[in-house]
Amino acid sequence: MAAGARALPGVSLTWAIDDPRMRRLILRLFVAGLAVFIGIPLLTLVLWSFAGEWFWPNVIPTQWTIRWYEQVFENPRVVNAMVLSFTIAPVVTVLTALIAIPAGYAFARLNVPFRRVLLLLFLIPNAFPRIGLYVSLAVLYYQINLIDTYWGVVFLHMIGTLVYMTWITTATFRSIDPHLEEAARDAGASPLRAFWSVVFPLALPGIIVASLFSFLASLDEAQGTLIVGTPHFITMPVLMYTLISSFERPVAAVFSVLLSLPSLVLLVAAQRYLRSEYVAAGLGRV
Amino acid sequence: MAEVELRGVSKYYKEVAAVSDVSLRIPDREFVALLGPSGCGKTTTLRMLAGFIRPDTGQILIDGKDVTDLPPERRPTAMVFQSYALWPHMTVGENISFGLKLRKVPAAQIAERARAMLDVVRLPGVEHRFPSQLSGGQQQRVALARALVLGPKILLLDEPLSNLDAKLRVRMRDEIRRIQQELQITTVYVTHDQEEALTMADRIAVMNRGVIQQLGDANDIYDRPATSFVADFIGQSNFFRGTLRRANGVTWAHIGDERVAVEPVDGAPDGAHVTVSTRPEVVEVVRAPEPGAFALDDPRLVNFGAYQRLAGRHPTLGPIEARVPKSFRLDARPVYVKLTRARAFAEPEAEMRD
């Protein structure tokens, strides 16, 4: 069955341990370790963002306040940056999806010549220090008048998001039994109808995960945006870099919380779609 | 009324012919099995009938109308896939209704026809379940219902039983045959399982290397195989290599110093190299020497539960097997076999069984 065929052999971290109790224990320790490494810094950030007074050796702040938040939200540059970030990320995601879904489908189903080479080409931007790429992109942007423009920033973000999304959608479409599509054709559906009624719904979890990655990657992109977007297109992470040194520590914490919040909300919302095989695909398993 | 015809159909992959100049006419209501080992071209042939593969040469006609260039959605065929290919995100009812909705059938009629078809496949009341909640055999029935509800002229089945366990396979075999008889639908059935082909089909096309080796009913291909491949692939056969000689109206195959009478061979001259085959169940076993009986060295018995097989060796002919009743006992007396109803095939070396 298709569902069975889609379940990939799980990569278990504990495959070598025979005793199930031991295995559970190690798994729990591992999860606890992860929670400590990810959770404690996040928690500290949240605490700092609300700290009125917090001196060593107190474990939690001795005074609480929301004045750092007020300070941040009263700053018009911050609000502008937030609005900009949240108008860029959805556009990047939609444009990326419009390219990556057909591309992923083509890589998965059609006999694309040099399929592997093309997929690797997509990875090239990731294989070199990004900063070099951004500088040469900036030079190009000057020539074609894209420097310091909205679309210039959008296209720059798409260099990264296209990689994620094409790889994930390719793996997603490949995991769908081609016979399901043929059965739809056999029942009278045109190729397009077969795609919309059968392939797309089955690929939706993978597409959602890929879109999520794209959205968050765009929201988080700072290096390139700083180079091609200044001075008029300052997104949240860029602003954070530029302002962080001129503010008190709790303000930086507020920024971090504000930047982490969308990721957290989206990841929790899409949690049921985050199946390991799609995530693995984004990390290079096709 | 629906008859289907393949006319000189070929399909090449790179230089290799997957299907080579196949012609086959299937009259209305007939159940034809395409039988052969994997890679023989049977599935390619079926997929060309369905429209998933376009033949490189030749024509496909349904009711005399050329459908060679039509995509699957515009052909009056319906296919049942080996993996069933039920859409996992749709309920059984939605799976069966999908094609009817595309055809803009009124909703009330859709529900009625879906229900009626689930009755035909004897799986009523599962409309609201998802395919994953059904057993393999039930999924098979749903796949059949989904194909049949569209009222296709031709039903195509691609190894539909190979994912089921042995007992269920036998039951579904009878079910598919019953439904085919009930609906009087022209059917093409692909299988590598000779028992399925022999028990279900009106006619069987035995395929090998992209070519139909023989087309006939179960008796034709079992009792009168046309090629050594068919004799080998269907059931079991004893094989010998020899030379053809005709004398006094009898056709002989000379094998070393021995000779075996064979059924008349058309189109092969005396002296032609032939492959001789005979079925173990027509080999006659005797305990005293007589003309035409070959002494068997090292006879031994192999028990198959329902019968026994006597296996031995003749110094010139080589290994020979014969089917014997369970009451048969070996003792000090010698064993002789008479090779009756032997058939000789004059084939180019390349065509011989390998």
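Which residue of chain B forms a salt bridge with A:E182, and how far apart are the closest N and O atoms? The partner is B:R47, with the closest N and O atoms 2.6 Å apart. The model in which this pair occurs is a predicted one.

## Interface of chains A and B

The salt bridge between A:E182 and B:R47 belongs to an interface for which the rule finds 2 salt bridges. Residue pairs in polar contact between chain B and chain A number 7, counting pairs with both residues at pLDDT 80 or more. On the side of chain B that touches chain A, the elements giving two or more residues are helix 1 (42–50), strand 6 (77–80), helix 2 (92–102) and helix 4 (136–148) of chain B. By residue class, that side of chain B consists of 16 nonpolar, 5 polar and 4 charged residues.

In total, 25 residues of chain B are in contact with 20 residues of chain A. The size of an interface is often given as the accessible area lost when the parts come together. Between chain B and chain A the buried area is about 1,900 Å², and carbon and sulfur atoms give 63% of it.

## An open antiparallel sheet in chain B

Chain B contains an open sheet of 5 strands, ordered 13-12-11-14-20, with antiparallel pairing. Strand 13 (258–262) and strand 20 (343–345) of chain B each have a single partner strand, so one side of each lacks a neighbour in the sheet. From one strand to the next, the twist averages 45°.

## Strand pairing and hairpins

Strand 11 (residues 238–247) of chain B pairs with strand 14 (residues 273–278) of chain B in the antiparallel sense, over 6 bridges. In this part of the sheet, B:G242 is opposite B:V274 of strand 14 of chain B.

Strand 11 of chain B also runs antiparallel to strand 12 (residues 250–255) of chain B, to which 5 bridges join it. B:A247 is placed opposite B:V250 of strand 12 of chain B. The hairpin of strands 11 and 12 of chain B has 2 residues between the strands, and B:N248 takes a positive phi near 50° there.

Strand 12 of chain B is in turn joined to strand 13 of chain B by 5 bridges, again in an antiparallel arrangement. B:H254 has B:R259 in strand 13 of chain B as its bridge partner. Which residue takes a positive phi in the hairpin of strand 12 and strand 13 of chain B? The residue is B:G256, with phi near 60°, in a hairpin that has 2 residues between the strands.

Notes. Residues numbered from 1 in each chain as written. Chains lettered and ligands numbered in written order. Predicted model: local features only at pLDDT ≥ 70, side-chain atom pairs only at ≥ 80, totals over all residues. Heavy atoms only, no water. Contact = heavy atoms within 4.5 Å. Buried area = accessible area lost by both parts, 1.4 Å probe. Salt bridge = Lys/Arg side-chain N within 4 Å of Asp/Glu carboxyl O. Polar contact = N/O pair within 3.5 Å; in protein donor to acceptor, adjacent residues only side chain to side chain. Helix = DSSP H or I, 4+ residues; strand = E, 2+ residues; numbered from the N terminus. Nonpolar A, V, L, I, M, F, W, Y, C, P; charged D, E, K, R; others polar. Pairing = 2+ DSSP bridges. Axes fitted to C-alpha atoms, helices over the stretch in contact; angles between N-to-C directions.
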